[in-house]
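Trainee: I have a structure to learn from. Where do we begin?
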Amino acid sequence: MKMKKKKTKDISEYGSFLLSDKRNVPFSVIEAFNALRTNLSYALSTSERKSFIITSTEASEGKSTVAVNSAIAFSEMRSRVLLIDADMRSPVVHSRLSLKQNKGLSGLLAGFFTSNECIQSYNDYLDVISAGEVAPNPSELLSSQAMKDLLSEMEKQYDYIIVDTPPCNVVTDALVFAHETAGVVIAVRENYTIHPMLERLLEQMEFANVKVLGIILNDAGADGNAYGKYGHYGKYQKYGKYAKYGYYGHYGPYGNDQPENN
């Protein structure tokens, strides 16, 4: 039986946002990311690894918005943070942060550039490695020894490493190197992500023995409830049995990823 998404209100007018733009981001959204930062800090405190992946089940669920703004939130604690755009199929991090794209992860893993040549600074505490030029073999690059060496090298220099990857139900890019990180955070979108897709992703993670650090509900309240639900944390009623994976709060219509023409 063919699965259909629920109809959802067109929220393209909200677009993406940056947590650093305090004047234009609601306080409740800022607090949601502060809660996410706090819970991830606790989750990572028991791991020897400093890196973690942020992904989703499919496109337009908000994973890049979560990755970018989580990185900004961690940097505001004056922690040394590296954000890596590992979505070499449809990269958006560089455009969100107004950074260069030509020297990035694809060229670094292929041996064309060094890490120092690819690292760009967003603020005093947040550095970024963009995806680089679109590569014909992203899965092979991410599963390579060069990727393992990069994460190992960067973990000596940074307190947190956040990796934005393509959706896991679309391609397997995230799974091929997830074991080299502390685990995975899954972004889902209210009135968009459907239960079977999330269940399929969680089954993939379990089969691959990949740790799921938690799930974040994106785009909450976009159906007209404004910001009334931003302050609620601790439950994940929408996905019932998946509560065992942790729930880091939810935030409203600022959090959607809009597809780009690339």
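Mentor: With confidence: the chain averages a pLDDT (the predictor's confidence in each residue, from 0 to 100) of 82, and 78% of the residues score at least 70. This is a predicted model, where local features need pLDDT of at least 70, side-chain atom pairs count only at pLDDT 80 or more, and totals for chains, interfaces and linings use all residues. Residues are numbered from 1 along each chain as its sequence is written, and side-chain values use heavy atoms, leaving out hydrogens and water.

Trainee: How far apart are the end C-alpha atoms of helix α8?
Mentor: Helices here are DSSP runs of H or I, at least four residues, and strands are E runs of at least two, numbered from the N terminus. Helix α8 covers residues 195–207, which is 13 residues. The expected span is 1.5 Å times one less than the number of residues. That predicts 18 Å, and the ends agree: they are apart by 18 Å.

Trainee: Which residues of α8 are buried?
Mentor: Buried means under 20% relative accessible area, exposed over 50%, partly exposed in between (1.4 Å probe, protein chains only). On the face turned away from the buried side, E206 and F207 are exposed. The buried ones are M197, L198, L201, L202, Q204 and M205.

Trainee: Which strands do the buried residues of α8 pack against?
Mentor: Packing rests on contact, meaning heavy atoms within 4.5 Å. The partners of these buried residues are β1 (51–56), β6 (184–189) and β7 (212–218).
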